[in-house]
Amino acid sequence: MSQEIIQEVTFFLHSVIMGLLITFVYDWIRVLRKLARHGSFLTSVEDFLFWLACGIAVFYMLYKENNGVLRWFAVVGASLGMLIYKAVIRDRFVHVMSTCIYKILWFIFRVIQVVLKPLKWLYLRAKRLMKFIAKKLKKCQEFVKKRLTVFIKNLKMVLCKR
């Protein structure tokens, strides 16, 4: 084969790989959306940033391998890569990955709950103790205030008589 044909075939394969990669990355975005639902504004921002990054990546590939010239077989290659990915993977990837990540996060939070349970118990005990001490200090404060008031009144009476 001639060198030009090998370059064109390589470029076509890189276009197919780019299509596969774009679809794979977008599926990760779908996994994140499934784990943490958010509004249409944030979804629009994510999509805008994703397609902006994809446009830059595709332009870089075209620039490096084809001197920036858009060839229709590059578009066909990228589309073919996306179709191959969707035919092989479909929505199973999103479902499996989101389920696995959800279960891992559930397990981590459950372990954290178990580990923090004694700390929660200590916190509640300390809170009750602080309330008890605050109550006793308030009574002590009231007692001292009454005693000081009586003492000041007695002192005024003694000083006024003289």
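This briefing describes the helices of one predicted model and the contacts between them. Helix 1 (3-35) forms contacts with helix 3, and its packing against helix 2 and helix 4 is also set out below. Two packed helices are described by the angle between their axes and the distance between the axes.

**Helix 2**

- Helix 2 comprises 27 residues, 40-66, and spans 37 Å from its first C-alpha to its last, close to the 39 Å expected at 1.5 Å a residue.
- The buried residues of this helix are Phe50, Cys54, Met61, Leu62 and Asn66.
- Helix 1 (3-35) and helix 3 (72-88) are included in what covers these buried residues.
- Just after helix 2, asparagine 67 adopts a positive phi of about 55°.

**Helix 1 with helix 2**

- The two axes come within 11 Å and cross at roughly 165°.
- Because that angle is over 145 degrees, helix 1 and helix 2 are roughly antiparallel to each other.
- Their crossing is right-handed.
- On the side of helix 1, the contact is made by Thr10, Phe11, His14, Ser15, Met18, Ile22, Val25, Tyr26, Ile29 and Arg33.
- On the side of helix 2, the contact is made by Thr43, Glu46, Asp47, Phe50, Trp51, Cys54, Ala57, Val58, Met61, Leu62, Glu65 and Asn66.
- By class, the contact of helix 1 with helix 2 holds 13 nonpolar, five polar and four charged residues.
- Phe50, Cys54, Met61, Leu62 and Asn66, the buried residues of helix 2, are among the residues that helix 2 brings to this contact.

**Helix 1 with helix 3**

- Helix 1 and helix 3 pack at an angle of about 45°, and their axes are 7 Å apart.
- That angle makes helix 1 oblique to helix 3.
- Helix 1 passes helix 3 in a right-handed crossing.
- From helix 1, Glu8, Phe11, Phe12, Ser15, Val16, Gly19, Leu20, Ile22, Thr23, Phe24, Asp27 and Arg30 take part.
- From helix 3, they are met by Phe73, Ala74, Val76, Gly77, Ala78, Leu80, Gly81, Met82, Ile84, Tyr85 and Lys86.
- The residues of the contact of helix 1 with helix 3 divide into 14 nonpolar, five polar and four charged.
- Phe11, Ser15 and Ile22 of helix 1 are among the residues that meet helix 3, and they are also among those that contact helix 2.

**Helix 1 with helix 4**

- The axes of helix 1 and helix 4 (residues 92-161) come within 9 Å, crossing at roughly 45°.
- Helix 1 and helix 4 are therefore oblique to each other.
- The crossing of helix 1 and helix 4 is right-handed.
- Helix 1 contributes Phe24, Asp27, Trp28, Arg30, Val31, Lys34 and Leu35 to the contact, and helix 4 contributes Phe93, Val94, His95, Met97, Ser98, Ile101 and Tyr102.
- The contact of helix 1 with helix 4 has nine nonpolar, two polar and three charged residues.
- Phe24, Asp27 and Arg30 of helix 1 are among the residues in contact with helix 4, and they are also among those that meet helix 3.

**Individual residues**

- Leucine 42 lies in helix 2 and is partly exposed, with a relative accessible area of 42%.
- The C-alpha atoms of leucine 42 and isoleucine 89 are separated by 26 Å, and the two residues are 47 residues apart along the chain.
- Phenylalanine 132 is placed in helix 4 and counts as partly exposed at 49% relative accessibility.
- Between the C-alpha atoms of phenylalanine 132 and leucine 119, 13 residues apart along the chain, the separation is 20 Å.

Note on methods. Residues numbered from 1 in each chain as written. Predicted model: local features only at pLDDT ≥ 70, side-chain atom pairs only at ≥ 80, totals over all residues. Heavy atoms only, no water. Helix = DSSP H or I, 4+ residues; strand = E, 2+ residues; numbered from the N terminus. Expected span 1.5 Å × (residues − 1). Buried < 20%, exposed > 50% of the residue type's maximum accessible area, 1.4 Å probe, protein only. Contact = heavy atoms within 4.5 Å. Axes fitted to C-alpha atoms, helices over the stretch in contact; angles between N-to-C directions. Parallel < 35°, antiparallel > 145°, perpendicular 65-115°, else oblique. Left-handed = near helix turned anticlockwise from the far one by under 90°. Nonpolar A, V, L, I, M, F, W, Y, C, P; charged D, E, K, R; others polar.
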